[in-house]
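Please walk through this model with the structure open beside the text. Keep the sequence at hand for the residue numbers.

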Amino acid sequence: MAAEDQAAIERFIDRLWLERGLSRNTQASYRSDLKLLARWLHGRSASLAEASEADLRGYLAAQARQPRSQARLLSALRQFYRHLHADRQREDDPSARLEAPRLGLRLPKTLSEIDVSALLEAPDCEEALGLRDRAMLELMYASGLRVSELISLKLSSVDLRRGALRVLGKGGKERMVPTGEEAVHWLQRYLQEVRPDQALAGEDSLFLSARGAAMTRQNFWQRIRLHAAAAGIRAALSPHTLRHAFATHLLEHGADLRTVQALLGHADLSTTQIYTHVAKARLRELHQRHHPRG
């Protein structure tokens with residue numbers, strides 16, 4: 001990959017971060033997609049700045065990707081070439097006429113209320129790590145946090161008296177989220193019985209690893225899988241399973257969509273509406289299973 005392509009990618013990523021506050025994961029995905037394209041173009045004696053619409057179509061056709069991965073790649077290309085066009089580094093936008101792949105409705109994976117209870121009760125709270133995990137799981141289910149939001153919480157983010165969290169979400173947007181009495185109970189126990197013995201000097205992250213440093217996304221995901229296995233949960237899980245369960249169960253119990261949107265920190269209501277499909281699917285399943293004429 002040419003040095004000028006590398007520099008162009010980094011300028012683009014910096015601009016996205018400054019203007020839109022994209023997460024590190026999204027930045028890394030865009031950077032990776034553009035580097036792969038740059039290497040492909042380099043093998044054909046072309047560069048990112050000079051790529052034509054035919055070049056981009058050829059690259060997209062050569063990618064054996066699932067529709068959602070292809071859509072993310074197309075998003076990276078469109079934003080990159082709009083950036084070049086806006087900065088007058090190109091007179092045209094070679095990505096303007098590229099078609100997005102058709103995406104089916106992908107329902108988020110969730111758990112029943114019985115499975116959630118089993119998962120929450122799986123950690124051994126006689127052990128320090130088990131008590132920490134119980135507090136994390138309870139807090140995630142009670143508040144609908146993203147994994148990244150959960151592990152980035154600071155001590156100062158928590159107001160136990162009011163039962164609320166100050167959460168920094170996507171795009172650097174801050175929101176206040178209620179926690180509920182059960183989550184507050186387990187969080188208090190963790191803060192009193194476990195964290196003081198774990199914390200390294202000066203570490204202000206709320207949840208800590210066994211070594212006293214901030215928990216990582218990977219560590220938390222490993223712990224979820226461990227406890228799911230112990231609870232006998234066979235359903236496919238993702239790091240956001242409890243977040244999805246939080247939203248689905250709220251809607252099933254009568255919460256309105258706008259409230260769930262605010263709690264989840266979604267900028268657009270359409271993002272939250274996916275959970276109405278999950279809730280309806282769950283209600284149909286219950287009806288078919290229990291109604292005498294289901």
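What follows covers a pair of helices, an aromatic pair and a sheet.

This is a predicted model: local features need pLDDT of at least 70, side-chain atom pairs count only at pLDDT 80 or more, and totals for chains, interfaces and linings use all residues. Residues are numbered from 1 along each chain as its sequence is written, and side-chain values use heavy atoms, without hydrogens and water.

Helices here are DSSP runs of H or I with at least four residues, strands are runs of E with at least two, and both are numbered from the N terminus.

Start with helix H3 (residues 53–62) and helix H4 (residues 67–86). Their axes come within 11 Å and cross at roughly 160°. Axes are lines fitted to C-alpha atoms, for helices over the stretch in contact, and angles run from 0 to 180 degrees between N-to-C directions. H3 and H4 are therefore roughly antiparallel. That label applies to angles over 145 degrees; under 35 is roughly parallel, 65 to 115 roughly perpendicular, and the rest oblique. Which residues meet? From H3 come Leu56, Tyr59 and Leu60; from H4 come Gln70, Leu73, Leu74, Leu77 and Tyr81. Contact means heavy atoms within 4.5 Å. The residues of this contact divide into 7 nonpolar, 1 polar and no charged. Ala, Val, Leu, Ile, Met, Phe, Trp, Tyr, Cys and Pro count as nonpolar, Asp, Glu, Lys and Arg as charged, and the others, Gly among them, as polar.

Now the aromatic rings. The whole structure holds 4 aromatic pairs. Rings of Phe, Tyr and Trp (its six-membered ring) pair if their centres lie within 6.5 Å; planes under 30 degrees apart count as stacked, over 60 as edge-to-face and the rest as tilted. Phenylalanine 12 and phenylalanine 80 have ring centres 5.4 Å apart and planes at 90°, so this pair is edge-to-face. The pair links distant parts of the chain, 68 residues apart: phenylalanine 12 sits in helix H1 (residues 3–20), phenylalanine 80 in helix H4.

Strands pair if DSSP finds at least two bridges between them. E1 pairs with strand E2 (residues 164–168) over 2 bridges. Valine 158 is bridged to leucine 165, and aspartate 159 to alanine 164. This hairpin has 4 residues between the strands, and glycine 163 takes a positive phi near 65°. E2 and E3 pair over 5 bridges. Valine 167 has arginine 175 as its bridge partner. Their hairpin has 5 residues between the strands, with glycine 171 in the turn at a positive phi of about 70°.
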